[in-house]
Amino acid sequence: MALKTERKRLGEILIAGGLITPQQLEEALTAQKSLGLRLGEVLINQGLVTEENILHTMQRQLGLTTIDLSRIVVQEKILNLLPESVIRKYNVVPVDLANGALMVAMNDPTDYYALDDLRLAAGMIVRPVLAKAVDISRAIDRYYGKSEAAKAARDFVRQTGMSQVAAASQGDVATVNSFVRAEEEDEATPIIRFLNTIIENAVSNVTSDIHIEPMEEEMRVRFRIDGVLREIMRVPNNMAAPVVSRIKIMANLNIAEKRLPQDGRIAYMVGNRFIDLRVSIMPTMYGEKVVMRILDKSAVVLDKEALGIEGHDLELFDDLISKAYGIILVTGPTGSGKTTTLYTMLNQLNTEEKNIITLEDPVEYNFQGVNQTQVNTKAGLTFANGLRSILRQDPDIIMVGEMRDNETAEIAIRAALTGHLVLSTIHTNDAASAITRLVDMDIEPFLISASLIGVVSQRLIRKICPNCVKEYQANNNEKRLLGIPEYENLTLKKGMGCNACHGSGYKGRIAIFEFMSLQAGHRQLIDNRATADELREYAVSQSMNTLQKAAATKVLAGISTVDELLRVAFVDE
């Protein structure tokens, strides 16, 4: 290997590879002194090279191997060969042992000071392999994200002593309260480090919810990733009371109240991003359970094609929001992306000529040019009260976060009948059930048929991980579920499970939709108090694409799996 005989500098390697000229190197070195960056970063910032150019040239000039960290799983015994502090300091990851040498993924193998420190820390020969800087950072978060939280938990147990542990576990308000308030002035204390690490690790893993659950002997932490809960770690239950107290302080809740549920919000900064945390605390048998919903405004996608709306559904989407007045309902269970769909509609409707006002709980995304109001029940600002006030603000388009009761639904319907376009959500399993749900809320059928113009039902279905995808031949049961004759050959895809997808075989989610645009036939059925089944049958006869069909389309396209179709789309046997 070239590194064994001669220690080449990065600049020399890039000149030898024809990527830069000696003059460009001199200019970059001058800039490096003033900027305090690595040479490679300076050259990339100047637009002279890309990271891929540098890696490819070093691979060729130094005879090194390039590794894709997202496609491998590193064994724990390998990870333990280097201290985490050294790994984070140099942004490297140990990946394997070969011929008595430790293979270490690096972005800059010409950092010989780092190589020397790694060799001393490992106590053996170190061989560099090449990897992208961002992939190394993600791998460090993946492999070592829990370790800082675990260390904080150990420090807490070590520092508190058994007397305070016993008091905390029994809910000694005074002891826990004073302990947590003292922590606020020292961000290195175990509870703060534990909680900060958990939140930041959740954000880096694109988690939607953090669950902190006290049990008889342990406190369990779980993340909901791609709609499925995954256990992250367990720590002694003595930590539960201080952790919950810390969360209450951050969310401005009553730290002394342990008997009643509480809800709050936390504004948290991860890197340069502001994250909104919606906090729900519920008393349980062994303490207070906390669920924190993560709202990352920077991650909101407001593009209809990116959401997964396509084909005929795309035409229906555009047709629905082009109406001058009426109600459009978006329905689905909690966490199915309803709010994102509403925001996408608003994004397309948001023009200078329109007065758009929203009433939300909470405001999850800030729109330029849209008047957004947040519900405040403590102050008396409910959906119903707020909606009455909105109607006096000369609106063209109104978005109501949710139709929760008869009063809100009635006001929204009358707003639609008086020339306003109203967008809202309602909790039902499919599009047809939204109509019968309104009837159950004591809304007269003739008002529903006169005001409702369309219902969109949706779910989020997990996508197959692209790093471990594999083709296979479908069995007869899978063909039946997908509407394919048994005699036909059918090739489907599934994920085998890898490091990038935490062994699940899935990475990311995409929405599936059921668009029911109301026609004259629907209105007659509604006036006659038709059942949800009758409304659904008529909609299907009018070419409505059901959730089952939408899910099947994703499976046949190799985007998702039959297991996801069964889990998400309520397939009837």
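**Around V363**

Author: Leaving out residues up to four places away in sequence, V363 touches R265, K297, Y343, Q372, T373 and Q374. Keep in mind that this is a predicted model.

Reader: Where is V363 found?
Author: V363 sits in the loop between β11 (356-360) and β12 (371-374).

Reader: Is V363 buried or exposed, and why?
Author: V363 counts as buried because its relative accessibility is 11%, and the cut-off for buried is under 20%.

Reader: How far apart are V363 and V375 in space?
Author: They are 8.8 Å apart, C-alpha to C-alpha, and twelve residues apart in sequence.

Reader: Switching to the whole protein. How many helices and strands?
Author: The protein has 24 helices and 18 strands. Of its 573 residues, 49% count as buried.

Reader: And what does the accessible surface come to?
Author: About 27,400 Å², with 48% of that belonging to carbon and sulfur atoms.

Reader: Now helices. At what angle do α18 and α22 cross?
Author: The axes of α18 (residues 431-440) and α22 (residues 532-541) cross at roughly 140° and come within 8 Å. That angle makes α18 oblique to α22. The crossing of α18 and α22 is right-handed.

Reader: Which residues meet there?
Author: From α18, A432, S433, I435 and T436 meet A532, L535 and R536 of α22. Sorted by class, the contact of α18 with α22 has four nonpolar residues, two polar and one charged.

Key
Residues numbered from 1 in each chain as written. Predicted model: local features only at pLDDT ≥ 70, side-chain atom pairs only at ≥ 80, totals over all residues. Heavy atoms only, no water. Axes fitted to C-alpha atoms, helices over the stretch in contact; angles between N-to-C directions. Helix = DSSP H or I, 4+ residues; strand = E, 2+ residues; numbered from the N terminus. Parallel < 35°, antiparallel > 145°, perpendicular 65-115°, else oblique. Left-handed = near helix turned anticlockwise from the far one by under 90°. Contact = heavy atoms within 4.5 Å. Nonpolar A, V, L, I, M, F, W, Y, C, P; charged D, E, K, R; others polar. Buried < 20%, exposed > 50% of the residue type's maximum accessible area, 1.4 Å probe, protein only. Areas by Shrake-Rupley, 256 points an atom, 1.4 Å probe, with all protein chains shown as cover.
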